[in-house]
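Student: I am new to this structure and would like to work through it step by step. May we begin once it is displayed?

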Protein chains: 2
Amino acid sequence: MTENAVSLLSGGMDSSTVLAYSRLSYDVTAITFDYGQRHRKEIESSALLCRHFGVEQKVIRLDLRQIGGSSLTSEEKVSRRSFSDIGRGIPDTYVPSRNIIFLSIAAAYAETIGARTLFIGANSVDYSGYPDCRPEFFDSFQKALSLGTKIGNERGIVIKVPLQSMSKGDIVRLAEKLKVPLSLTWSCYNGREKACGECDSCQLRLKGFMDAGSIDPIRYERYPREYRAYLAEKNKKIR
Amino acid sequence: MTENAVSLLSGGMDSSTVLAYSRLSYDVTAITFDYGQRHRKEIESSALLCRHFGVEQKVIRLDLRQIGGSSLTSEEKVSRRSFSDIGRGIPDTYVPSRNIIFLSIAAAYAETIGARTLFIGANSVDYSGYPDCRPEFFDSFQKALSLGTKIGNERGIVIKVPLQSMSKGDIVRLAEKLKVPLSLTWSCYNGREKACGECDSCQLRLKGFMDAGSIDPIRYERYPREYRAYLAEKNKKIR
């Protein structure tokens with residue numbers, strides 16, 4: 001019998017790739033948080049992805065606007081940073097303890113379905129500099145969850161972070177290999193009709209496609225200069 | 001300037017005592033969770049206690065019934081155990097990862113008010129056997145929170161568990177010393193008009209009063225045999 005696991009799914013490219021990866025070896029339930037994010041479109045994306053993969057989804061409501069402290073859950077404008085600034089310092093989109101809170105709740109839910117393995121799509125190479133994305137945090141949190149839960153006391157909790165040391169380019173390549181329908185994923189912090197192309201998340205995503213030599217299938221309001229140059233170069237080669 | 005701290009307050013005897021203790025040295029905000037508990041009366045108690053102490057209160061809604069797995073958040077009957085069985089094994093009132101979830105969210109909120117110190121009224125002497133009440137769990141979780149949060153990276157997170165190694169009798173004595181209005185506190189898992197006197201929480205509480213040689217000021221539907229004998233003995237002495 002395949003072991004149960006839970007996989008945190010935002011609907012973005014990284015967590016969708018992790019979902020595709022985790023279902024190769026586990027009977028996976030996707031856990032998605034409806035946390036008052038301005039980019040609610042990612043919740044719709046997550047549902048489409050679960051349907052695509054035939055994976056059960058559990059959506060948990062926890063309004064993080066009650067806590068505040070982040071431009072992602074407020075009416076504040078998400079600030080624009082250039083490619084080279086991303087990863088320097090902690091940005092205003094940092095939601096205090098978001099991975100901590102999500103993993104805690106995921107661990108609680110996992111326990112109710114007899115799962116001890118939690119997958120998360122965090123990454124500490126091409127990332128936004130959040131402290132709860134780093135390997136030393138996950139190691140430490142895995143220990144704490146193993147001590148603090150009933151199932152953890154019996155069998156230990158395992159937090160799997162398969163993308164931990166992958167670049168965004170590696171992730172795009174893995175997503176393509178695993179046939180993740182990237183056109184269904186949503187990464188933009190601004191939940192408008194098209195991706196903005198300006199927020200950290202859009203820029204990191206497009207950097208991934210450039211590194212992988214691929215083209216992002218989703219639609220953007222505008223591309224960053226670097227990506228426009230990349231597309232022009234690619235078109236030149238095709239001709 | 002006094003340092004900020006947050007103190008988890010359920011409205012029960014233990015967390016109320018910790019609130020009274022924490023405010024001696026910190027500028028404290030009480031954090032109370034409205035998590036779909038059947039004993040909602042404790043939320044009213046918590047508000048009265050904050051008013052009594054002149055402490056600011058933040059109530060956070062997170063419906064743990066979405067997660068399930070506990071008789072405390074379901075319509076299931078809370079099972080009755082005798083004095084001697086309490087502490088043996090993990091009871092059906094165990095809410096998966098409750099302290100883990102509450103501390104994670106408290107840490108997020110603490111960060112927004114510049115607090116790095118979290119108080120919690122957990123106890124591992126006269127307790128119900130929950131794994132997330134033990135000292136090794138708190139040590140481990142404190143490390144994880146220090147690594148995973150912005151404020152923790154800068155100054156470290158401290159989880160203070162002042163009642164950790166105190167018996168329920170010690171807690172009653174400390175509560176009386178700190179002039180905690182015990183008549184306002186609510187411990188019973190069944191949120192009826194009077195405390196049931198039968199659930200683990202009522203029994204542990206009454207054991208505390210017996211150990212301290214005091215009398216619980218709140219009203220009960222019925223007392224456990226041991227407490228009835230204790231009251232009879234006390235009355236005999238008075239005469």
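Tutor: One term is needed at the outset: two strands pair if DSSP finds at least two bridges between them. Please also keep in mind that this is a predicted model.

Student: Over how many bridges do strand β1 and strand β2 of chain B pair?

Tutor: Strand β1 of chain B covers residues 4-8, and strand β2 of chain B covers residues 27-34. Within this part of the chain, V6(B) stands opposite T29(B) in β2(B). The two strands pair in the parallel sense, and the number of bridges is five.

Student: Which strands of chain B stand at the edges of the sheet?

Tutor: The sheet is open and has five strands with parallel pairing, in the order β3-β2-β1-β4-β5 (chain B). Each edge strand has a single partner strand, so one side of each is left without a neighbour in the sheet. The strands at the edges are β3 and β5 (158-160) of chain B.

Student: By how many degrees are neighbouring strands of this sheet turned against each other on average?

Tutor: The sheet in question is the open one with the order β3-β2-β1-β4-β5 in chain B. With direction ignored, its neighbouring strands are turned against each other by an average of 25°.

Student: What angle does the direction of helix α1 of chain B make with that of β1(B)?

Tutor: Helix α1 of chain B, residues 13-22, packs on the sheet and touches β1, β2 and β4 (117-119) of chain B. Helix α2 of chain B, residues 41-53, lies across β2 and β3 of chain B and runs at about 165° to β2(B). For α1(B) against β1(B), the angle is about 165°.

Student: How many residues of α1(B) are buried?

Tutor: A residue counts as buried if 20 or more other C-beta atoms lie within 10 Å of its own. The buried residues of α1(B) include M13(B), L19(B) and Y21(B), and their cover includes α2, α6 (168-177) and α7 (200-212) of chain B. The helix is largely enclosed by the rest of the structure, because the buried residues number ten of the ten.

Student: Which element gives the most to the side of chain B that touches chain A?

Tutor: In all, 35 residues of chain B are in contact with 35 residues of chain A. The elements of chain B that give two or more residues to this side are β3 (56-61), α3 (98-112), α4 (135-148) and α5 (150-155). By class, the side has 18 nonpolar, eleven polar and six charged residues. The element that gives the most, with ten residues, is α3(B).

Conventions
Residues numbered from 1 in each chain as written. Chains lettered and ligands numbered in written order. Predicted model: local features only at pLDDT ≥ 70, side-chain atom pairs only at ≥ 80, totals over all residues. Contact = placed C-beta atoms within 7 Å. Helix = DSSP H or I, 4+ residues; strand = E, 2+ residues; numbered from the N terminus. Nonpolar A, V, L, I, M, F, W, Y, C, P; charged D, E, K, R; others polar. Axes fitted to C-alpha atoms, helices over the stretch in contact; angles between N-to-C directions. Buried ≥ 20, exposed ≤ 12 C-beta atoms within 10 Å, placed from the backbone.
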